[in-house]
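Student: I would like to go through the labels used for this model and see what each one rests on. Please set the values against the cut-offs.

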Amino acid sequence: MTPFDYSLCDQTVTLYRETGERWVIPNASLSAKITTPTEPYGKSMEKKFLLIIPGDHPLSPGDRVYAGIGPEETDWKTFVPALVPALFEVSFAKPCYWEGSLTHWEAGNRKETL
């Protein structure tokens with residue numbers, strides 16, 4: 001029994017690993033913010049995100065997350081967030097527990113995300 005309400009985890013995401021593994025996760029919550037701040041040298045793009053996946057689906061830094069059902073096959077070298085608008089790369093991932101039981105995983109690209 002968990003005190004968490006996962007009713008907002010109603011999005012589908014596709015997870016990719018460099019090893020070629022791919023998972024379609026139908027019960028996730030992906031909150032993303034894409035900005036284009038102006039730098040002294042021009043504009044850049046920042047893609048911040050926070051992903052929550054209920055249950056036990058381990059995530060690791062370096063994994064890539066596609067918002068929705070992503071392609072079945074990809075070329076890892078060109079399937080990058082800078083070239084694919086709906087793609088994000090995980091820089092931190094952590095399992096979350098309640099009373100000793102795993103409840104969900106959280107991942108993102110910055111701890112201060114959103």
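**Salt bridges, burial and rings**

Tutor: Glu89 and Arg64 form a salt bridge, with their closest N and O atoms 2.8 Å apart. This is a predicted model, in which local features need pLDDT of at least 70 and side-chain atom pairs count only at pLDDT 80 or more, while totals for chains, interfaces and linings use all residues. Residues are numbered from 1 along each chain as its sequence is written, and side-chain values use heavy atoms, with hydrogens and water left out.

Student: Why is the contact of Glu89 with Arg64 called a salt bridge?

Tutor: The term requires a side-chain nitrogen of Lys or Arg within 4 Å of a carboxyl oxygen of Asp or Glu. The N and O atoms of Arg64 and Glu89 are 2.8 Å apart, so the pair meets the definition.

Student: What makes this pair a tie between separate parts of the chain?

Tutor: Glu89 lies in strand 7 (residues 87-89) and Arg64 in strand 6, so the pair ties together parts 25 residues apart in sequence. Strands here are DSSP runs of E, at least two residues long, numbered from the N terminus.

Student: Why does Glu89 count as partly exposed, and why does Arg64 count as buried?

Tutor: Buried means under 20% relative accessible area, exposed means over 50%, and partly exposed is in between (1.4 Å probe, protein chains only). Glu89 has 33% relative accessibility, so the label is partly exposed. Arg64 has 8%, so Arg64 is buried.

Student: How many salt bridges does a search of the whole structure find?

Tutor: The search finds three. One of them joins Arg17 and Asp63, with the closest N and O atoms 2.8 Å apart. Arg17 lies in the loop between strand 1 (11-16) and strand 2 (22-35) and Asp63 in the loop between strand 5 (46-54) and strand 6 (64-67), so this pair ties together parts 46 residues apart in sequence.

Student: Why is Arg17 called buried?

Tutor: Its relative accessible area is 18%, so Arg17 is buried. Asp63 is buried too.

Student: Which residues is Arg17 in contact with, leaving aside its neighbours within four places in sequence?

Tutor: Trp23, Pro58, Leu59, Ser60, Asp63 and Trp76 are in contact with Arg17, where contact means heavy atoms within 4.5 Å.

Student: What makes the pair of Phe4 and Tyr6 tilted?

Tutor: Rings of Phe, Tyr and Trp (its six-membered ring) pair if their centres lie within 6.5 Å; planes under 30 degrees apart count as stacked, over 60 as edge-to-face and the rest as tilted. The centres of Phe4 and Tyr6 are 6.2 Å apart and the planes are at 45°, so the pair is tilted. Phe49 and Phe88 form another tilted pair, at 5.2 Å centre to centre and 45° between the planes.

Student: What makes Arg64 a charge over the ring of Trp76?

Tutor: NZ of Lys or CZ of Arg must be within 6 Å of the ring centre and within 35 degrees of the ring normal. Arg64 lies over the face of Trp76, at 3.7 Å from the ring centre. The charged end of Lys47 sits over the ring of Phe88, 5.0 Å from its centre.

Technical notes. Helices (H or I, at least four residues) and strands (E, at least two) are DSSP runs, numbered from the N terminus.
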